[in-house]
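Subject: Model handover

Hello,

Here is the model we talked about. My notes on a surface patch and a pocket follow below.

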Amino acid sequence: MDTPLSFFTNLFNASVAFVSTYTIDVIIVGVLFLALYWCTLRYGKGRGISLILSLYIALLAFTHFPFRSWFQVLGTAERQVLFVEGGSFLCMVVFITYIVSKLVVAEFPLWGFARTFEAALIAGSAAILVLSFWYQLLPLSNLYAFGKPIQALFAPSELFFWWLLAPLVGFLFIGRRY
């Protein structure tokens, strides 16, 4: 039979493991959200929307890119594939964002709750897309494996459609009302 000291020691160790695992996940998702939130406030609503639209376009372009097999020349190890495919996807997103930002013109209200709400909605939408691409498109789960709650949300391929739809629903709340 366990002594009270060993019981509380095991309970403490399990609690620390639980909190540290989910704390790191919360920190990673929080930093992603805050970085996107800051970029949206800094560079404007149009650039935030163009980033989300470019993620959709890059998804389509990257999945049907005819020369992906050429990336194997650079290496077939797990980390090499991760960096080559992740880097090429990032280059596609940056290039497409540059093009789309020339077409999308939208600005925030000058101040107030509406500005904060719209920036948070755009940042949350972009974070959702990045996390769903993390599991479904790019082999980034080898770089960092999130905890079970985040895996349960983003890893099933049946939910990928709904995560792609979520930012578009968010656009309904940031549209201009005439």
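Helix 6 is the main contributor to the nonpolar patch, with 7 residues. (Helices are DSSP runs of H or I, at least four residues, numbered from the N terminus.) This is a predicted model: local features need pLDDT of at least 70, side-chain atom pairs count only at pLDDT 80 or more, and totals for chains, interfaces and linings use all residues. Residues are numbered from 1 along each chain as its sequence is written, and side-chain values use heavy atoms, without hydrogens or water.

The patch covers about 1000 Å². Among its members are Phe 113, Phe 117, Trp 162 and Phe 173. Areas are Shrake-Rupley, 1.4 Å probe. Helix 4 (113-136) and helix 6 (160-174) each supply at least two residues. Phe 113 lies in helix 4. Phe 113 counts as exposed (over 50%) because its relative accessibility is 67%.

Now the largest pocket. It holds about 660 Å³ of space. A pocket is an open set of points on a 1 Å grid where a 1.4 Å probe fits, with protein on both sides within 12 Å along at least five of seven lines; lining residues have an atom within 4 Å of a point. There are 26 lining residues, and Leu 55, Phe 89, Leu 90, Val 93 and Val 130 are closest to the centre. Helix 3 (78-101) is among the elements giving two or more, and its 11 residues are the largest share. The lining divides into 21 nonpolar, 4 polar and 1 charged.

Best wishes

Terms used: Patches are made of residues with over 30% relative accessible area and no salt bridge: like charges are joined within 9 Å, nonpolar side chains (Val, Leu, Ile, Met, Phe, Trp, Tyr) within 5 Å. A salt bridge is a side-chain nitrogen of Lys or Arg within 4 Å of a carboxyl oxygen of Asp or Glu. Buried means under 20% relative accessible area, exposed over 50%, partly exposed in between (1.4 Å probe, protein chains only). Grid points are joined across faces, edges and corners, and a volume is the space filled by probe spheres set on the points. Ala, Val, Leu, Ile, Met, Phe, Trp, Tyr, Cys and Pro count as nonpolar, Asp, Glu, Lys and Arg as charged, and the others, Gly among them, as polar.
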